[in-house]
Amino acid sequence: MALILTIDMVPSCHLATHDAHRITAPSSNLAEICQHVGIVEQNRQTDQMAHLDSDLHTPAITTELPGPRAQAIIERDETHSSPSLTRVYPLVVDHAKGAIVTDVDGNRFLDCNAGIGVTAAGHGHPKVSAAIHDQVDACVHYCSSDFYHPIYADVVKRLAATVAPTMGESRIFLANSGTEAVEGAIKLARHHTGRPNIIGFFGSFHGRSLGSLSLTSSKATYRSKFGIVTPGAYHAPYAGQADLTGADYIEQVLFRHMTEPDEVAAIFVEPVLGEGGYVVPPTGWLKGLRDLCDRHGILLVFDEVQSGIGRTGKMWAFEHDHAIDGVAPDIITSAKGLASGMPLAAIIARADIMEWAPGKHGSTYGGNPVACAAALATLDLVESELADNAAARGAQLIEGLTELAKTQPMIENVRGRGLMVGFDVTDHDTAYALEQACFERGVLLLTCGKRGIRMAPPLVITAEQCDFALSVIADACASVS
Ligand SMILES: Cc1ncc(COP(=O)(O)O)c(C=O)c1O
């Protein structure tokens, strides 16, 4: 049976008497954990209040995982749901607040996933929730493609302001998901250039509908057995994957052997590679793509579905590079963090590129007013405080992991930008084991790339919560090594 531990990790100013929380931990590592975070053993029945208070800042595992309620739901779900879903661990969410997710058995987890990079403002942020509630009362839906909503006009104006300093004048189309934004960007690039082909990068993820899937290449399983995806998509190595990468590879290999440049509509690239391994390309790598595009009349699309909306410490990840070498895209695709969990996506394009006629593109739900309300509140929070917090907390995690790597040799290649933090471990099986061990200890993170672990918490995560995540990773590493 798992040993129940109570850990005091929050500063005293945040710690009410019932704030004690619990994690399960292997008894062999008890001494080290106690030393690191200061533990007092306690009977779990004395802490009834803890899992009732959804505002707590602390994880607490009080049942075997999955717990009895979770187990019953998982069985029901798996009887009827599509087997294509990849449930990474048996987490059945009941409610969530800030960076804490509580499951149906009352176990609290520290969220270092944000629902796969989505809940930028954290779960249930009062300002986002209030904006959603107000808009639900005002109007839930009235097809934004065919009619006008004040809040749609507000969101596109607001997004245009975020890129005015880097891209100049823009126009924006609102959709529902990342893959839709990428689909629309493929159409727009073809429409504007009159060219058929597109180029992406190995390891990238752009979505699973047939157009975006033609660019996605993080895992072969996403494509196999689906026949011909959108023809005319070519791939090049991302930074760090080979000696010849990026613009050099495209120029010397693709343009020589596969497609002439004047047949290429756009190059799609994640400014920080996401599912493919949380790779930050070196300074100048994106600029190399920009220069190549400029030489050949090709559009440059930055897929910021995962890296955008403050996650890297700036509104858009490419702004880090723009500050050094002036690089900017022609089109941005955005989703995930944009509305902190409401389904909203955006294609942001230079105004002279988005000049298609009425009917060329649309969406029944795209730019839904409730999602737009959440987006406005999220953008306020990201601009006023959360991008800065992402920068600070990301630096803290990278420093802590770098320190940990000195004593835990399985941790290699600590990297990241803001709250896109990654590191490698020995091999894929170890990465998977570590992901599961962290889950059992109350921290939700994910694998990525060949043998990587990624951390993408909500941008509201606190310094104390980051310390907790680091202590759990240390313990989990010891348990799997
Ligand atoms: C960079 C990137 N682009 C596109 C997508 C697809 O987004 P969605 O799952 O909303 O279709 C993802 C999803 O993980 C992503 O990370």
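How many residues does H6 have, and how far does it reach from its first C-alpha to its last? The views below start there. This is a predicted model, where local features need pLDDT of at least 70, side-chain atom pairs count only at pLDDT 80 or more, and totals for chains, interfaces and linings use all residues. Residues are numbered from 1 along each chain as its sequence is written.

**View 1. Helix H6 from end to end.** H6 has 16 residues and reaches 22 Å, close to the 22 Å expected at 1.5 Å a residue (1.5 Å times one less than the number of residues). Helices here are DSSP runs of H or I with at least four residues, strands are E runs of at least two, and both are numbered from the N terminus. Because 12 of its 16 residues are buried, H6 is largely enclosed by the rest of the structure. Buried means 20 or more other C-beta atoms within 10 Å of the residue's own, exposed means 12 or fewer, and partly exposed is in between, with C-beta atoms placed from the backbone. Among the buried ones are Glu180, Glu183 and His192. Just after H6, Gly194 takes a positive phi of about 70°.

**View 2. The cis peptide at Pro66.** A cis bond joins Leu65 and Pro66, with omega about -10°. Pro66 sits in the loop between strand E3 (39-41) and helix H2 (68-80).

View 3. Ser340 has phi near 55° and lies in the loop between strands E12 (331-334) and E13 (345-350). It counts as buried because it has 34 C-beta neighbours inside 10 Å. Asn413, with phi of about 50°, belongs to strand E14 (residues 412-417). Having 17 C-beta neighbours inside 10 Å, Asn413 counts as partly exposed.
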